[in-house]
Amino acid sequence: MAKTQTQTGATAIRALFKDAGVIDEDGKASAGEDQAERWRHDPLLLDDPNVARRGVKPGQWPGFPFSQMPPDCPVEVIGRQGRTVYCLTPTRHLRAMEKWDQPGLADLFAPCINFAAWAFPAFGQKKQIVFGSDGKPMTDGEGEVVEDYLVKRLEVQKLATCLIQQAARTGDFNPNKQLRGRCGWEDESGRFIWHSGDWLWMAVKQGKTTKLSKVRPQQHEKFLYTRQHGFIRPWRESVSHAESPAQRILAELKTWNWERPYLDPILVLGWLMTAFMSGALKVRPIIFTTGGRGVGKSMLHQLVNLTLADLVESIEEVTAAFIYQTVGHDALPVLVDELESTPGSMKEGNIIKLARICYSGGKLGRGGADGVPSDFTLKSPMMFSGINPPPMTEADVSRMAVLNLNKLEMQAGSKRKVVDIMRDDGRMLLRQVMDGWENFNASILPYWWSVLQDQRMDARAIDTYGTLLAAAELAVGQEALADAGLPVGDPQQLGSIINEATRLERAENLENWHKCLNILFQSQIEAWKEGVKPTIGSVCEHLRVGEWDQKGAAEKLNLVNLGCKDAANPLTHSPLLCIPKEGPALSRIFDRTVFQQSVWFSALKQAPKNIVIRDAGNGQKVKINGSTVHCLLVDLKAFEEFSAGRGHDDGG
């Protein structure tokens, strides 16, 4: 039985001392501010602009004013895009410089504006006494009081030209591709980086243990991590499975009345872990909890909110534009409660589409009011809930785990208890992600891929469920998953359980050609005059089982520009439905669908060749309503076998 004791005692106390800055990761006294914070105490950056720096007077440094950057410059030029120059301020914040005016440059150099005035001085017209840092007049070697032209202001044009020159020397910089905000990322070496806004954190292996390493946000490999508002930092001690708060959180999740109690709580726990992995993951599975009023959907969001602390963006009544503009270059997880189907509204569909882009880390392109386009790289894990989910395509559903909640059986007068989340739970989960990232990719995730692949689940389903299940194992280990009802030690049985549990969801994800045929088969033959209007599918069924011959079925199918051949045909010796590329009745059937304007013909060519025949030469010429037309031939028996699941996996 897995334990549920969160880390306590001397280990937790040591972690809290490290938080307070009393000791560092090696147990030594903290060394103070790092190089990125040198402006706080460096006179080279803060002194009066008239004071020489390293013996160099104002405006007399080598290369002044345009050949190179001033020595010890606290501003770093990153590059340019078009006419925009990107720079890092002394505090490591990113600035996009387009207007080179005094306020903009003051913001760029703050709090080191005196350095800018020393580097690019505009002098007064009269010489004045030069005072030293002690407030007394400076004297030369002969004791004479030094007089010199004094710096009156910053020479804006020279400074702007110098930075533009440096940007040209540095090269191009695309913030939409190279800028990374807060949350989890993976570098080109496969190492996990946590960007907490004010620090970049990495877990470094030292023998059998891991130690945290941190640096100020900076350029690392080809990506730029910039200074932002700080938020959740990793727990300063390693956390084992036995002492992980994930054990307690999983026990809490089990108290909801899930449709699949052995699986759904684990998937939610897995999503919680992917919320920390975010931008580092290959895919970011979506979860959507559904159920009527009073099943605990909002309480579930409260649990997630409390666990993730200030990491998560939790919103209601929101638009897709608000989400991607709020998240920006971060990879923050997003929670949307009460995402309901609203008649005539496109808002919910746009949010689902946004989640689909986030799943694979795609880009969202938008035109600008000034004629300059922009794009957003989206890598936010997303979680939704609602009573009636909005309409979704197969592409949407295949990227999410839909979790159904039922009402809890509670005694009269009793209330649902408040979720039991402690202050540092999220930080401990983050530390587990950081310590376990290498093992997650090298061992845990491949194991789940193998288990689900053996069940012939398709790659998208494996990505979705495999990532969630692997993340849950990273949090609590295999023993806790076995306690919850998943036999992790028996891959065959484990895969079979997950395959059966998710089969219905995956069966809804029809391939494009299959969806096209379904629309056709479910359509009525409107022109039929014998009372009940048959569907195209019912006519095909009579033909398939031999109740109608070719002549009887064709009489009805010709009314919707379709033809047929019975089992006597020499091509397949099984009944065929013949579908041409054009026809007014066919156009009406597919009107207002994605298969309109003869797109149905291209879509059906995507089917397996034994189901939709398209290489039979003259055998594809069929007479319909007196005209001989070229058709695609649907083998009705082969399609029936495919749909019934004989010889294939419905969910694949």
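Tryptophan 437 is buried, and phenylalanine 440 is buried too (buried means under 20% relative accessible area, exposed over 50%, partly exposed in between, with a 1.4 Å probe and protein chains only). The model is predicted: local features need pLDDT of at least 70, side-chain atom pairs count only at pLDDT 80 or more, and totals for chains, interfaces and linings use all residues. Residues are numbered from 1 along each chain as its sequence is written, and side-chain values use heavy atoms, with hydrogens and water left out.

**Aromatic pairs**

- Rings of Phe, Tyr and Trp (its six-membered ring) pair if their centres lie within 6.5 Å; planes under 30 degrees apart count as stacked, over 60 as edge-to-face and the rest as tilted.
- By this rule the model holds 16 aromatic pairs.
- One of them joins tryptophan 194 and phenylalanine 231, stacked at 6.1 Å centre to centre with 10 degrees between the planes.
- Tryptophan 194 belongs to strand 8 (residues 192-195), while phenylalanine 231 sits in the loop between strand 12 (223-225) and helix 7 (245-253), so the pair ties together parts 37 residues apart in sequence.
- Helices (H or I, at least four residues) and strands (E, at least two) are DSSP runs, numbered from the N terminus.
- Tryptophan 194 is buried, at a relative accessible area of 0%.
- Phenylalanine 231 is buried as well, at 8%.
- Tryptophan 437 and phenylalanine 440 are stacked because their ring centres are 5.7 Å apart and their planes at 20 degrees.
- Both of these residues, tryptophan 437 and phenylalanine 440, lie in helix 13 (residues 425-453), 3 residues apart, about one turn of the helix.
- Trp513, Phe521, Phe639 and Phe642 form a cluster linked by ring pairs.

**Charges over rings**

- A charge sits over a ring if NZ of Lys or CZ of Arg is within 6 Å of the ring centre and within 35 degrees of the ring normal.
- Arginine 180 lies over the face of phenylalanine 223, 3.6 Å from the ring centre.
- Lysine 556 has its charged end over the ring of tryptophan 548, 4.2 Å from the centre.

- Strand 8 and strand 9 (residues 200-206) pair in the antiparallel sense over 2 bridges.
- Histidine 195 has leucine 200, in strand 9, as its bridge partner.

Terms used
Pairing = 2+ DSSP bridges.
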